[in-house]
Amino acid sequence: MEADRDLVRKAAAMAMIELTGEEEAEFARDLGVIMDYMERISEMDTGDLEPMEHVLPVQNVFRDDVPEDSENTDELLKCASETKDGWYVVPSVVDTL
Amino acid sequence: MKDLNLTVSDASRLLRKGEVSSRELTEAALERIQQDNGRINAFVTVCADIALRQADEADRRLRSGEEVSPLCGIPMGIKDNLCTRGVRTTCASRMLENFVPPYNATAVERLLSAGAVLLGKLNMDEFAMGSSSEHSIFGSVRNPWDTSRVAGGSSGGSAAAVAAGLCSFSLGSDTGGSIRQPASFCGVVGLKPTYGLVSRYGLVAFASSLDQVGPITRDVTDCALVLNEIAGHDPRDSTSVGRDTEDYTSGLDRDGMKIRVGLPKEYFETGIDEDVRNSVLKAVSMLEEAGAVSGDVSLPSTDNTIPAYYLISSAEASANLARYDGIRYGYRNPGARDVEELYRMSRGEGFGKEVKRRVLLGTHALSAGYQDKLYSKALKVRRMIAADFAKAFESCDVIAAPVYPTTAFRLGEKTGNPLEMYLGDIFTVGVNLAGLPALTVPCGLDRKGLPVGIQLIGRPFSENLLFMAGRAIERRMGRLKPENSGNMASDAPAEG
Amino acid sequence: MEYEVMVGLEIHAELKTQTKMFCGCRNEFGAKPNTLVCPVCLGMPGTLPVINRTAVEYAVRAGLAMNCRISSFSRMDRKNYFYPDMPKAYQISQYDLPLCRDGYVEIYIDGGWKKIGIERIHLEEDAGKLVHDPGGKGSFIDYNRCGVPLIEIVSRPDISSPEEAGAFLEAVKTILEYIEVSDCKMQEGSLRADVNLSVRRSGEPPGTRTEMKNINSIHAVQRAVRAEAGRQIAVIEGGGRVIQETRRWDDTRGESRPMRSKEEAMDYRYFPEPDLVPLVMDRKWLEEIRKSMPELPASRQKKYMESFGIPAYDAHLITQYKSLADIFEEAAKVCGNPKLVSNWIMTDILRRINEDGNFLTASCLDGQKLGKVMAMLDRGDISPVSAREVLDIIVREGGDPESIADSMGLKVQRDENLIAGAVEEALEQNPKAVADYTSGKEKAFGFLMGRTMAILKGRADPAQVREMLKRRLESLKE
């Protein structure tokens, strides 16, 4: 149970999602049950099979280096709830990088 | 008022003959939505002004004698995770409750260019995560056949709207069964196309390697007509395939197909509802009547499809949903004092429970120390599952299977138990993992009078064959008619 | 106690494609904020990336120019982390299957060539620009730069001094300019360097590494290397242990400070990008790219030293700028005297470049014209002073060097009549000097030389003038 709560806390921190104490407990329960079931997959013998990231046998899809200007960058900016003089705005950033 | 509740083909025929106008069709549909949507909660946004304007434009094109698509003037609904320019696209989430995209999804763009009329946006499970359309900020979608039951998910609104005659056709999306299962629960036709056949540009991403956009319609011919319009290469989607377009309506009524139908024994061994089993097997016998030969095939990895699916889809989803932070669009927590708080609070408040559950699961599956044995392992199992299907297709041309172990369950019945909800997807997720096409066609009613659908799975890009098989069943089946819904489309006489 | 310093550089260079890495927005510097953006690079819902073919070709060029193996199969991966300048909260980059691997760059240091290993070069997208409100009330974001194609060049820790670090960075910069994939304007941020550094006593295993990010001038890199090596050595000598951390280099203060550390190292949860398909580099494509590559600086430098006998220092300086090397080669061909041209470049042209940073792009001087001027100088048709004057005009307006020299009367006079006339005039104007000379005062000759040259405005071959003056004066004696 504690391990499940720990898993939830770590994942929530990495995924930047704030959980209430209640949610944390609930998800710990849920994910505990779910993970028990899903983890069985790690026992499977997959021999020397390679991971299958794509189902399509496609490669080398490109676009040409030709400009396509957006007609409406104002409209794009308007989708944000807070902007200033053409800039997007965030509260203060503490440098982590 | 004339009953203008028509299939795409019928409406198209009448529009061309000038016997009806798009405006009339659209007004009638808007009227029906007004009257009936409260009962089933399929539409979350209705854009009447836009619809009427588009209808008038369609009428102008029809009258002008220019060559038009069969979809010109036909009223449609679009699942709310497909971007529609100028019309709110919410994904049934607080996170995007007020998001108005300044662009169309490619599939939508193609339908609008063809002259189809946008009635509005359809309810769903939040961010397409769910199998019941109960996880929505707009409330659950209710099954038109029995409003105490779910319409299925995540494209519940899309299926319910077509079943209730609120629109002639709709678009849904399918990542693990989200078109097929609601289509089955609502007694309509739904297609999940081969991965890469329909562009994903503008479909709000859930799981990039699994998502596909597809039509939900009243009959097979309609489905082929819509697919004709939306299928084909899109340079804006690197995973869309550059195939020559084909006419999916050709040869649909050809009978006497010598196809081999495979029945996966692992599917029929599990706990399926007896009525579901019988209806599916009855439909298979109809295929045999039409000239098909059936036999058993084996999909040994069936049990592993659920863990593989949930680990892969949640992992991809956790990355695809990381962009939702309120900075450029979407819900933004107003009081955050620094940017980290902004992220955490906006996302904590903007996402619903099921979404959070999956994002946490997916984040965990990708994290250091776990990625190899969870996510990477799941990708290896995926290859096994795809190989299973490929092997099965050595001895058959179409795989026939149930869509879901039961018919539509009651509202609230499964929401308390996420794992149980996930396990129901056992017949559908394998198809997405392997990238195959699958068509759902109604094949009967259970003893409660609820629809059952049969799933027809094919090799990549074999949609035409699936339509033929589906049509063969449909001709012998007739249209399903519920006891108590006056709004369902009228029966077509059984053709033999 | 002898310490060895091990330095690796990670260089990020913006590719000068027309458009961004995954969308058709223009790749330009200096536009109004958030005007070179679209739904794709803003990470809006439902949008998808599509790879810019030219960016791939530029990255391959860079790999070939740095002697790398080009992977026949590579792919893009998602690097997941949250920061406001990254709209998707993941950067599309390359993790375990980069495009280029196992190369090297040669630097000329301490009189010889040294190879610095290149671990890998990979493609990725740039982030937007975050600007902090000086009032401290928040930050502003401009996504114009977001999605611009970058290559990340990772060196092996073969660099062992600040000088080598500077030389390496300069060599990479020059190579990228030569192959025309980046304009490398460090002051505009199109080239940035991270420094990884550790120290150890000779014979011991490598020490703990620190990282300093986003240093944006060659001198700052050198200063940072020097300071950090010193700091680590001081820590060790003081009995402490170097902590593995990321530090911010403050060039004005000349010191680095640790950045806010997190309890755990960042977990980027890399996984293959499902929205993109793999990159397969086949032989045919690779050959096409290889054929389109211009000659590289180190090879040109060697050629100048070996074939033209140009000193190493000069050859190195000339090859620093591709356009300058082009001018040199052309001029040397036209004039036939490479050494003369190179000396001239080292003095006059480099001065012009130092005075005006835009000289090479803005001036009207080209190799042909410089070659003609040098040819005139070589023949003795003009003096060095005159050469400079002619070049002043050509730099400003262009034109034909011979015509300019003629019209300005700069050409050396060889016409005997003209010189004879000047001699006569000098003698006429200075009878006392003549008298002094004929009575045996040799010094007067020099004076008369001066007067004659002055009349000729210096435009005469002194030897010829001397000879004619002497003959005339001798004839007077008789």
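**Entry 1: burial and extent of chain A**

I looked up burial in chain A of this predicted model: of its 97 residues, 29% count as buried (20 or more other C-beta atoms within 10 Å of a residue's own, the C-beta atoms being placed from the backbone). I then turned to the radius of gyration, taken over C-alpha atoms. Chain A has 22 Å, whereas a compact globule of 97 residues would have a value near 13 Å (the globule rule is 2.2 Å times the number of residues to the power 0.38). Along the principal axes, the C-alpha atoms of chain A fill a box of roughly 50 × 45 × 25 Å.

I recorded 3 helices and 3 strands in chain A, in the sequence pattern α-α-β-α-β-β. Helices (H or I, at least four residues) and strands (E, at least two) are DSSP runs, numbered from the N terminus.

**Entry 2: conventions**

I note that residues are numbered from 1 along each chain as its sequence is written, with chains lettered from A and ligands numbered from 1 in the order in which they are written. In this predicted model, local features need pLDDT of at least 70 and side-chain atom pairs count only at pLDDT 80 or more, while totals for chains, interfaces and linings use all residues.

**Entry 3: contact of chains B and C**

I found 32 residues from chain B and 24 residues from chain C in the contact (C-beta atoms, placed from the backbone, within 7 Å). On the chain B side, α10 (302-320) and α11 (339-350) are the elements giving two or more residues; α10(B) supplies the largest share, 3 residues. By class, I read 19 nonpolar, 7 polar and 6 charged residues on that side. Ala, Val, Leu, Ile, Met, Phe, Trp, Tyr, Cys and Pro count as nonpolar, Asp, Glu, Lys and Arg as charged, and the others, Gly among them, as polar.

**Entry 4: a sheet in chain C**

I traced an open, antiparallel sheet of 3 strands in chain C, in the order β6-β5-β16; strands pair if DSSP finds at least two bridges between them. β6 (90-93) and β16 (271-272) of chain C are at the edges with a single partner strand each, so one side of each lacks a neighbour in the sheet. Strand β5 (residues 77-80) of chain C is joined to β6(C) by 4 bridges, and Arg78(C) has Ile92(C) as its bridge partner there.

**Entry 5: domains of chain C**

I took the bounds from an automatic or database domain assignment: domain 1 (3-286), domain 2 (295-407) and domain 3 (416-477). The C-alpha centres of domains 1 and 2 of chain C lie 35 Å apart, and each of these domains gives 7 residues to their contact.

Note on methods
Contact = placed C-beta atoms within 7 Å. Buried ≥ 20, exposed ≤ 12 C-beta atoms within 10 Å, placed from the backbone.
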